Amino acid sequence: MLRQRNVGGGNEVMGEGIFIGDVEEPVRSSKLTNSGQSEGGCWKYMSLLMIVATVLSLCLNAYQFKLIDGYLRDIQELNDNHNNRHSEWEADRHSVEECRAEMQKMESHMNNRETEKNKLELEVTKLTKLNGDQGQDELE
């Protein structure tokens with residue numbers, strides 16, 4: 001294995017420098033390895049917890065979206081029913097108003113006919129009285 005020399009003072013540490021070719025990693029002490037693993041284990045559990053929380057959050061969001069979508073459909077259906085009934089009521093109201101107007105016309109026509117009938121009866125009674133008086137005058 002080839003090694004290039006460090007440019008610097010005499011305080012070279014074993015395993016430092018620029019290497020050309022295969023590099024053999026220096027063996028670390030078991031104390032450093034254990035502390036590195038314990039720190040990595042904490043991050044491992046934290047990342048696992050964050051993944052679980054993310055998945056649960058996404059599932060809850062999908063569930064809420066489905067609920068809201070169903071509620072919006074129900075609201076739209078209720079609005080459609082309301083609009084249909086409102087238009088039916090409007091049509092009924094107009095037909096009732098038309099019927100009332102027709103009834104008033106018929107009633108006024110009937111009243112006119114009744115008054116006309118009464119006037120004709122009065123004229124007939126007057127004429128019969130006049131004819132009766134003239135008939136008696138002629139008899140005398």
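E90 is partly exposed, at 24% relative accessible area; here buried means under 20%, exposed over 50%, and partly exposed in between, using a 1.4 Å probe and protein chains only. Keep in mind that this is a predicted model, where local features need pLDDT of at least 70 and side-chain atom pairs count only at pLDDT 80 or more, while totals for chains, interfaces and linings use all residues. Residues are numbered from 1 along each chain as its sequence is written, and side-chain values use heavy atoms, with hydrogens and water left out.

**Salt bridges**

What does E90 pair with? Its salt-bridge partner is R93, with the closest N and O atoms 3.1 Å apart. For a salt bridge, a side-chain nitrogen of Lys or Arg has to sit within 4 Å of a carboxyl oxygen of Asp or Glu. E90 and R93 are three residues apart in helix α1, so about one helical turn separates them. R93 is partly exposed too, at 45%.

Searching the whole structure turns up two salt bridges. R73 and D69 make a salt bridge through their side chains, at 2.6 Å from N to O. These residues are four apart in helix α1 (residues 30-139), which again puts about one helical turn between them. R73 counts as exposed at 56% relative accessibility, whereas D69 is partly exposed at 28%.

| Salt bridge | N to O distance |
|---|---|
| R73 and D69 | 2.6 Å |
| E90 and R93 | 3.1 Å |

**Fold and surface**

Helices (H or I, at least four residues) and strands (E, at least two) are DSSP runs, numbered from the N terminus.

Of the 140 residues in the protein chain, 1% are buried. The chain's accessible surface is about 13800 Å², and carbon and sulfur atoms account for 58% of that; these areas come from the Shrake-Rupley method with a 1.4 Å probe, and for residues only the protein chains shown count as cover.

There's also a nonpolar surface patch made of Y45, L48, V52 and L56, with about 430 Å² of accessible area together. L56 lies in helix α1. Patch members have over 30% relative accessible area and no salt bridge; like charges are joined within 9 Å, and nonpolar side chains (Val, Leu, Ile, Met, Phe, Trp, Tyr) within 5 Å.
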